[in-house]
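Please look over the sequence and the structure below before reading on.

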Amino acid sequence: MSAVDQTREVPWQPRHSPWAIAIVVTLAAFMEILDTTIVNVALPHIAGSLSASNDEASWALTSYLVANGIVLTISGWLSAVIGRKRYFLICLSMFTVCSILCGIANSLSQLIVFRLLQGFFGGGLQPGQQSIILDTFPPEKRGAAFGVTAIATVVAPVLGPTLGGYITDTYNWRWIFFANLPVGIIAVFFVWVLVEDPPWHAKISRHVDYIGLSLITLGIGCLQVMMDRGEDLDWLGSTFIRIMAILAILGILGAIGWLLIAKKPIVDLDVFKDKNFAMGSVCIGATGAVLYSGAVVIPLFTQSILGYTATWAGLILSPGGIAVILLIPVVGQLMRVIQTRIIIAAGFFIMGCAFVYSSKLAVNIDFKTLVMMRSAQTAGLAFLFVPISTIAYATLPRELSGDATALFTMFRNVFGSIGISISNAMITERTQIHQSYLARWVNPFHQPYNELIARSERTLTAMGRAASAVHDIAVGQAYQAFRVQAAVLAYSDVFLLAGVVAFAVVPFCFFLSGTKGSGGAVH
C-alpha cells in the first residue's frame, strides 16, 4: 500500500473547533475579495493624488488582477511544495504588508508594483480557504461550512464599493489599504494558532514545471490584461489588445496541451475527469460572471444616470447581501431533502427571472425598486454558491483537493472578470445602437418631437430666458434626454443578457450527480 493510500485511511480531526477554523480562514479570504472591488471607486482620487490620469491609475487594478489570476491557478502546487498552512500564512502576512506599502506609495509606479505583489500573495487565500475547509469538515457538514464562505464571497463584492466610497469621501484613499492592517494581524495570529495540516498534505512534494508555469503565466496574465483594459482601448480596435488576445489564446491552449501530456504538471487537470467537479466549475464560472457583472452594473447605472453618490449606490447592493445571509441556512436545510442539482437549477432559474425583472429599468426608477431588483438577483445566488461548492468536491479524491480548489476559484474569478468586461462593453455598444435607432424620431419632420421642443421653449420663456436662446436650450435638453434614454435601454439589455445566460445554464445542472447535502448518491 502506497503512502498516499495509507494516509487516506488515517482518521484525522483538527485539534481545534472546525467552525473557529472556518471563520478565521474566511476572514482572511473576505479581506482579499474585498480588496478586488474596494479600490474601484477611489481611482479618481488616486489619480489626482499621484499626478496621474484616470487611465494610468486603472493599472493599479489591472496589475492586481493579473497577478491574482496567475497565482490562483498554481496555488495548489505552491501549497503542496511549501506546505498548506505555511503557504497560507505567508500569503496572509505578505498581503497585509503589501497593503501597508500600497497605502504609503508616493508614486503611481510604486502603487502598481505594490498592487502586483498584493495580488500575487492574495491569490493563495481563496483556494487555501476552501482547501482547509474541505479537509477540516467531513462531507456531510461541508454544506454548512461553505455557507460561511458564501457570505464572504457574495458580501465582499457588495460591501467593497460602498465601503471604498465612504472611506475615500470621509478620510483618504490610503485608508482603504491601511484598514487591512488590524484584520490581517488578527487573522495571522488565529490561523497560526488554529489551523494545521492533515497528514496527507505533509507527504506531498513536487518539482517545478517551468513550461507549465510559463504558459499559465502568459495565458492568464494576458487574458486579465485584455479583459481589464479592453473597454478603455477599444477592444480589437487596439493593436495592444489584439496582441494580448493572441498571446492569451496561445498561452491557455498551450498550457492545456502541456498539462495533459506532462509527467509532473504544475496543475493536475485530472480533476476534470470528475463529472461533478467539471460541471461544478462551469456552474461557478457562470455564477461569478453574473454576480460580478450585476454588482458593477447597478452602481454604474445609479451614478451615471440617476446621479447617486458612491455611498448611496453601494447601499442599493447592501440589502441583497443581507438576503443571501438569511437564505443560506434555508438552502442548507433544503439540501438535506432535495437533490443538490435541483436546488442549483432552481437558483439559476430564480436568477434568470430576477435579471429579466431587473431589465425593466426607467429614467425615473426609485431607490426602493432598485433595492428590490438587486435583492431578487442575490436571492438566486443563495441557491447557487453553497450547493455548487458542496457537490463539486463530493466525489473528488482527497489528494486532488489542492489543485481542485485553485481551479475552482480561478473559474469564478476569471469568468467574473469576463462578465464585468462584457457588461461594460455592452453598455457602450448598445447605447450607440439605441441612439442610432432613436435618432430617426428626433428630427423636425417628426411631429411629437416638434411639440416637445415647443413645450420646452414655452417653459424656458416663462422662466425668463432670452427669446433668442430658448430654441437652442430646448434642443440641448431634448438631446440630453435622448442620450439618457438610450443608455437606460443599454443597461436593460445587459440585465436581459445576464438573464439569458442564467436560463441557459439550467439544463447543464442536471449533468451533476443526484446527491443531497449529505453527499450520498441518490439512485
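Helices here are DSSP runs of type H or I with at least four residues, and they are numbered from the N terminus. By that reading, Trp235 is found in the loop between helix H13 (210-229) and helix H14 (239-261). The model is a predicted one, and in it the protein has 22 helices and 0 strands. The radius of gyration of the protein is 25 Å, close to the 24 Å that the globule rule gives for 523 residues, so the protein is as compact as a globular protein of that length.

**Overall build**

- Taken along the principal axes, the C-alpha atoms of the protein fill a box of roughly 95 × 55 × 40 Å.
- Of the 523 residues in the protein, 53% are buried, and the accessible surface of the protein comes to about 22,400 Å², with 67% of that area belonging to carbon and sulfur atoms.
- Among the contacts in the protein with a separation of 6 or more, 83% are made by residues 24 or more positions apart.

**The largest pocket**

- Rolling a probe the size of a water molecule over the atoms shows where empty space is left.
- The largest pocket has a volume of about 1,400 Å³, and 45 residues line this pocket, of which Asn40, Leu61, Val296, Ile420 and Asn424 lie nearest its centre.
- Helix H20 (residues 401-438) gives the largest share of that lining, with 11 residues.
- When the lining of the largest pocket is divided by residue class, there are 20 nonpolar, 19 polar and 6 charged residues.

- Leaving aside the neighbours within four places in sequence, Tyr64 is in contact with Glu32, Asp35, Thr36, Phe95, Arg115, Gln118 and Gly119.
- Tyr64 and Gln224 are 160 residues apart in sequence, while their C-alpha atoms are 9.6 Å apart in space.
- Val71 also counts as buried, at 1% relative accessibility, and, with the neighbours within four places in sequence again left aside, Val71 is in contact with Leu78, Tyr87, Phe120, Gly123 and Gly124.
- Val71 and Val41 are 30 residues apart along the chain, and their C-alpha atoms are separated by 25 Å.

**Two loop residues with a positive phi**

- Most residues other than glycine have a negative phi.
- Ser51 has a positive phi of about 55 degrees although it is not a glycine, and Ser51 is found in the loop between helix H3 (43-49) and helix H4 (54-57).
- Is Ser51 buried or exposed? At 71% relative accessibility, Ser51 counts as exposed, because that term applies to values over 50%.
- Trp235, which is not a glycine either, has a positive phi of about 50 degrees.

Notes: Residues are numbered from 1 along each chain as its sequence is written. This is a predicted model: local features need pLDDT of at least 70, side-chain atom pairs count only at pLDDT 80 or more; totals for chains, interfaces and linings use all residues. Side-chain values use heavy atoms; hydrogens and water are left out. On a 1 Å grid over the protein atoms alone, a cavity is a set of points where a 1.4 Å probe fits but cannot get out, and a pocket is an open set with protein on both sides within 12 Å along at least five of seven lines; lining residues have an atom within 4 Å of a point. Grid points are joined across faces, edges and corners, and a volume is the space filled by probe spheres set on the points. Ala, Val, Leu, Ile, Met, Phe, Trp, Tyr, Cys and Pro count as nonpolar, Asp, Glu, Lys and Arg as charged, and the others, Gly among them, as polar. The radius of gyration is taken over C-alpha atoms; the globule rule is 2.2 Å times the number of residues to the power 0.38. Buried means under 20% relative accessible area, exposed over 50%, partly exposed in between (1.4 Å probe, protein chains only). Contact means heavy atoms within 4.5 Å. Accessible areas come from the Shrake-Rupley method with a 1.4 Å probe; for residues, only the protein chains shown count as cover.
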